[in-house]
Structure formats: C-alpha cells, structure tokens
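The following exercises are to be worked through with the sequence and the structure at hand. Each task is followed by a solution in steps.

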Amino acid sequence: MKTSSPGGERILIHSVIDALLQGEILLNNISDEAFTRKVSVAFDASIGGHYRHCLDHFRNLLQSAAAGDLNYDNRERGTLIENDRFAALNATRELREGFERLDPAVVSRPLNVTCKTSYGTPGSEASLSTVGREIMYSVAHAVHHYALIGVMGGIMGLKMPAGFGVAPSTLKHQADTRAAA
C-alpha cells in the first residue's frame with residue numbers, strides 16, 4: 001500500500017495513537033459506574049463493552065503487523081478490560097506504546113484478514129489487505145463505536161470530551177465551515 005502523502009505511513013500509525021489518546025481522555029473523565037452501567041436503549045450494552053471491542057481490534061491489528069494474519073473474530077468478551085476502567089486505561093496505554101514503536105515500513109505489509117461478515121453462513125470470510133488499510137478500518141471502526149459511547153454518555157448525562165466520536169473528516173468540515181463564515 002502506497003500512501004498518498006509523504007510520511008503517510010507515520011500519519012496512519014499516528015491516527016491509531018490519536019484514537020487511543022481520545023480513549024484515555026474519556027477513561028480519565030468518567031466514573032467506574034458510568035464505564036460499566038448497562039444502557040437499556042443501547043442494546044443493554046455498556047461503555048466498557050464498546051470500548052473493549054475497539055481495543056480488541058487495535059490489539060489484533062498490532063499483533064498482525066508482525067504475524068501477517070489478522071482475525072477480527074478474535075475477541076475476548078467479558079474481560080477485566082470491559083469491567084474495570086483502570087484495566088482499560090492500562091491496556092490503552094500499552095497499545096498506544098506499541099503503536100508508537102511500530103516501524104512505519106510495516107504499513108505496506110500484506111495481511112490475510114479474516115472476519116465473520118455473513119449472517120447466512122457459519123464460517124468467516126477472508127480477504128487480502130495491508131496493515132495500512134486495516135489501520136484505516138480500525139480507526140473508522142473505533143470512531144463509530146466512540147460515537148455510540150458518546151450517545152450512551154449523553155443518555156447518562158455525562159459530559160463527553162470535545163470531538164469524541166466525531167470522524168476526522170467531519171471535524172475538518174466543521175472547521176472549514178467556521179473559517180469560511
């Protein structure tokens with residue numbers, strides 16, 4: 001995978017780091033109770049459950065950068081990370097440090113990606129990709145789950161960090177619109 005700008009490999013890796021930093025800010029600004037509370041109108045899910053799911057994707061991606069096989073079906077549901085805000089914070093920091101050490105040269109590395117996408121078949125599907133493409137997917141995936149977390153936080157009356165759960169392209173559009181006004 002060739003990136004579209006000089007240093008694009010480093011920018012892609014930093015997009016994961018930015019997403020993880022947003023998670024750290026969230027975790028430092030909510031209570032343990034808010035992290036684990038089930039929200040009935042949000043499929044009875046918790047912020048911790050959505051957050052753990054995002055970390056699963058980032059962890060699988062980081063591990064696959066060396067291994068060459070990425071399986072998004074590898075999830076560890078009901079873990080300490082999902083039920084303990086400090087465990088989630090520590091896992092986030094470890095992942096961030098792992099991505100900070102990641103060699104930008106791996107962005108173009110091919111990956112065999114597996115993910116269950118079909119409701120009608122029992123197995124998972126596989127496709128070829130690259131580490132860079134999967135960084136794009138994992139960050140977009142996290143942004144969407146962060147948006148759900150933001151809605152759940154709103155339902156609970158929490159003040160969410162500025163820009164949390166808003167896509168980078170949306171933030172850029174909003175800034176451009178303000179600048180043009």
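**Exercise 1: A residue in a helix**

D176 belongs to helix α7, which spans residues 168-180. Helices (H or I, at least four residues) and strands (E, at least two) are DSSP runs, numbered from the N terminus. The model is a predicted one, in which local features need pLDDT of at least 70 and side-chain atom pairs count only at pLDDT 80 or more, while totals for chains, interfaces and linings use all residues. Residues are numbered from 1 along each chain as its sequence is written, and side-chain values use heavy atoms, with hydrogens and water left out.

Task: Determine how exposed D176 is and which side chain it contacts.

Solution. 
- Step 1. Recall the cut-offs: buried means under 20% relative accessible area, exposed over 50%, and partly exposed in between (1.4 Å probe, protein chains only).
- Step 2. The relative accessible area of D176 is 40%, so D176 is partly exposed.
- Step 3. Define a polar contact as a pair of N or O atoms within 3.5 Å; within protein, one must be able to donate a hydrogen and the other to accept it, and residues adjacent in sequence count only if both atoms are side-chain atoms.
- Step 4. The side chains of D176 and K172 are joined by such a contact, of 2.7 Å.
- Step 5. H14 lies 162 residues from D176 along the chain, and their C-alpha atoms are separated by 22 Å.

**Exercise 2: A residue in a strand**

Solution. 
- Step 1. S46 has a relative accessibility of 4% and therefore counts as buried.
- Step 2. With contact meaning heavy atoms within 4.5 Å, S46 touches F35, T36, R37 and M152, if residues up to four places away in sequence are not counted.
- Step 3. The side chain of S46 also reaches the backbone nitrogen of G49, at 2.9 Å.

**Exercise 3: A buried loop residue**

Task: Locate T79 and classify its accessibility.

Solution. 
- Step 1. T79 is in the loop between β3 (69-71) and α4 (80-83).
- Step 2. Its relative accessible area is 19%, so T79 is buried.
- Step 3. T79 and G150 are 71 residues apart in sequence, and their C-alpha atoms are 22 Å apart in space.

**Exercise 4: The whole protein**

Solution. 
- Step 1. The protein has 7 helices and 5 strands.
- Step 2. The C-alpha atoms fill a box of roughly 50 × 45 × 35 Å, taken along the principal axes.
- Step 3. Among contacts with a separation of 6 or more, residues 24 or more positions apart account for 69%.
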